[in-house]
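User: Could you take a close look at the salt bridges in this model and walk me through what they connect?

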Amino acid sequence: MTKLATSVGLLAAILAFSAAAQTIQVRTLEQAGAEKVLQAAKALAEQRKAPSAIAVVDPAGDLLAFTRMDGVRPASAELAIEKARTAARLQRPTAEIEDNINKGRTAFVTAGILSLRGGMPVRVNGEVVGAVGIAGMSKETDTEIAKDAAAAVGTAAKTPDHS
């Protein structure tokens, strides 16, 4: 009986260690962080007199915050969301993707992603915690606003507690 109890205990310890070794902690924007990025982007767009649609997503590309400023064409709403989604999922600025396509890397065209400038990952300590997408006046302005807004988050990310 002691041998059986020891074996069961040993097996439980191995399985518990194994499960812990197969999990990771992921940082993600919380709502306050998403709102901070959104407000920074809106203020930047207002300063530049560049009305924009602004989307903030989590690392998986799910929408956390959105606004469409007055004077923005309706199609910009979807463009901003897709730019943010692409930046989050590929963990890089969408300008890099557009540049790759322009240099002949056409595989991106068929990948089902939006390859237009204006999407920027939001990073905390080098880790992608979400992304922001801007669609408004021009690709250059969209990119500038997205870059500056992504930097506004600082430490507004948290590690979710899945206990």
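Analyst: Happy to. A salt bridge here is a side-chain nitrogen of Lys or Arg within 4 Å of a carboxyl oxygen of Asp or Glu. This is a predicted model, and by that rule it holds eight salt bridges.

Let's start with Glu-144 and Arg-48, whose side chains form a salt bridge at 3.4 Å, N to O. Glu-144 sits in helix H5 (residues 139-151), while Arg-48 belongs to the loop between helix H2 (31-47) and strand S2 (53-57), so this pair ties together parts that are 96 residues apart in sequence. Glu-144 is partly exposed, at a relative accessible area of 40%, and Arg-48 is partly exposed too, at 31%.

Helix H5 also contributes Asp-142, which meets Lys-83 in a salt bridge at 3.1 Å, N to O. Lys-83 lies in helix H3 (residues 75-90), so the link spans parts that are 59 residues apart in sequence. Both Asp-142 and Lys-83 are buried.

A further partner from helix H5 is Lys-139. Lys-139 pairs with Glu-98, their closest N and O atoms being 3.7 Å apart. Salt bridges with shared partners join Glu-98, Asp-99, Arg-117 and Lys-139 into one network.

Conventions
Residues are numbered from 1 along each chain as its sequence is written. This is a predicted model: local features need pLDDT of at least 70, side-chain atom pairs count only at pLDDT 80 or more; totals for chains, interfaces and linings use all residues. Side-chain values use heavy atoms; hydrogens and water are left out. Helices (H or I, at least four residues) and strands (E, at least two) are DSSP runs, numbered from the N terminus. Buried means under 20% relative accessible area, exposed over 50%, partly exposed in between (1.4 Å probe, protein chains only).
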